[in-house]
Amino acid sequence: YSLQNKEIRSQTDLTDLVAKESHRMPPSASSSRLSSSRYFGRRKNLSPADRALHVRKGAYTKVVTPRPISDNTDVYPKMKGEVEPEETEEEFYARIFNEWEEQDRLSNHPGSWYSTLLWFPILLVLRQINLFLSLTFWPTKQIARLVFGVHLDTGGGFWNVPLEKKKQATMVFMFLMMLPGIAVAGLTFFILLIFPLTTIPAFLYLLFIFRWDRSPWTGSRHPFMRYWKMWRHFANYFPCRLIKTHNLDPNEKYVFCYHPHGIISLGAFGNFATDATGFSRKFPGIDLKLMTLEINFFVPFLREILLWMGIVNCSKRACNTILQSGRGKSIMLVVGGAAESLQSAPGTYRLNVDSRKGFVRVALDNGANLVPVLAFGENDAFSTHYFDEGSTGRWLQEEFKKRFGFATPIFYGRGFANKQFGLMPHRTPIIAVVGKPIKVPKLPPHLRGDKLRTTAEGRALVVEYHEKYIAALKALYDKYKNRWAINRCESLLLVGKNPQQMKSS
């Protein structure tokens, strides 16, 4: 939406034009959006110009008064997505650290009474589990001390952990339990299906999953869980940080590409599946859908949680449907996928992107700009055991990936209270840097769809923008590696079709 090419000579002309054309503004998925005409119609005491500039923010309303236009003022007001003057390096980092301080301040804000009431039984259960584990582990500690002379430090147990860290660990633990939750959900649904009183509702739910529900492809489910404040505890565990380097026009469509995959893409979930780090505030008007494996949406109950968080499946059908549904509609793909997770190791940045061109075809076919996203510290969240190419362990991992669509290396982290060993991720920062978007052209009809793959002109266009994307990704890494990848043990590696052939930046 732009006021360019409009004749504006006075304040009255500006307010009348905004009042006349406000209905053309596309609705935004962010927390700040212009209200609909139905909402404006209820404000009888407002003038047309005031109704056009009436902004609704959640439960709060605010009337924005147009500032007077003087001789020293640009007659064209600055719109969302308009390019701002470039920041100096000092201004950029000052803004980043101010945003982080604000994020920490919001996270440390005391919760409401119902939040405290919700946390009380959860923490009480965790205390009982910790007591049980402490009693169970006590004989092992004594045997290790008396027989082997080894002192096993458990970190003082869960009792001595501060309350805020307990909440953080609890949220991360709940996220990690989604994987074993697949088996629990499947078993529970099977019991409901064979129990006579619940057979019919369970069967109808099965039809709903496989026949009626289209939200995994359309993203039409309202993502109310995405904005829960408790996700701030998840983000502060590491902590997760989101860095905006350029403005994004809400009238455009975008394909965000996240690197690296890591073990389970903790940074992608914390920064983009939730609003804990302020994505909606930093990129207003961008309705982003994080994508995951299609098989997750056939798991009863768990699929509802994913959909209520705005997560959709990563099929080509879903990509095209969402990107073609309107302005500001965007998707995020973790490009490396399961193959990249097998390459993850602390201090490394091995990206399986050199042979992946499907995301470029999706962007070109839908006229969506490519946005590189590089997460520093994603691979540091877990310690891993890497199997060499040709080994039996690596062969088993590859076979598992072929059959089930995903695979993970042998990994370990820390415990709830101790730092030595456990399945909780390490408390290491995960800093996701959103790079400059790569503008893609509008394709003529003869290059759309499968023609990008089958014609020589289409393949050349895909290769051209794939090379531009890789160059932008390398530039993003080189610009910030000395600040946020200081513990790296090797340079950026791009993995090709043959995993043994790697290109260094």
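A residue is counted as buried when its relative accessible area is under 20%, as exposed when that area is over 50%, and as partly exposed in between, with a 1.4 Å probe and protein chains only. The model is a predicted one, in which local features need pLDDT of at least 70 and side-chain atom pairs count only at pLDDT 80 or more, while totals for chains, interfaces and linings use all residues. Residues are numbered from 1 along each chain as its sequence is written, and side-chain values use heavy atoms, with hydrogens and water left out.

Q168 is buried, at a relative accessible area of 7%. This residue belongs to helix α6, which spans residues 163-176. Helices (H or I, at least four residues) and strands (E, at least two) are DSSP runs, numbered from the N terminus. Apart from neighbours within four places in sequence, Q168 is in contact with H233, N236, Y237 and R427, where contact means heavy atoms within 4.5 Å.

The protein as a whole has 19 helices and 15 strands. Of its 505 residues, 43% count as buried. Among contacts with a separation of 6 or more, 75% are between residues 24 or more positions apart.

The contact involves F92, Y93, F97 and W100 from α4, and Y480, R483 and W484 from α19. By class, these comprise six nonpolar, no polar and one charged residues. In this scheme Ala, Val, Leu, Ile, Met, Phe, Trp, Tyr, Cys and Pro are nonpolar, Asp, Glu, Lys and Arg are charged, and the others, Gly among them, are polar.

T274 is located in the loop between α11 (266-273) and α12 (279-282). With 0% relative accessibility, T274 counts as buried. A polar atom of the T274 side chain lies 2.8 Å from the backbone oxygen of G270. Residues up to four places away in sequence aside, T274 touches R226, W231, F269 and M309.

Most residues other than glycine have a negative phi, and most peptide bonds are trans. The peptide bond from F238 to P239 is cis, with omega near 5 degrees, and P239 sits in the loop between α10 (231-237) and β4 (240-244). A cis peptide bond also runs from H259 to P260, where omega is near -15 degrees. P260 is part of the loop between β5 (254-259) and α11.

S265 is likewise placed in the loop between β5 and α11. Its phi is near 55 degrees, a positive value in a residue other than glycine. S265 is buried, with 10% relative accessible area. F301, also not a glycine, has a positive phi of about 70 degrees. F301 lies in the loop between β6 (287-292) and α13 (302-308), and its relative accessibility of 34% makes it partly exposed.

How values were computed: Polar contact = N/O pair within 3.5 Å; in protein donor to acceptor, adjacent residues only side chain to side chain.
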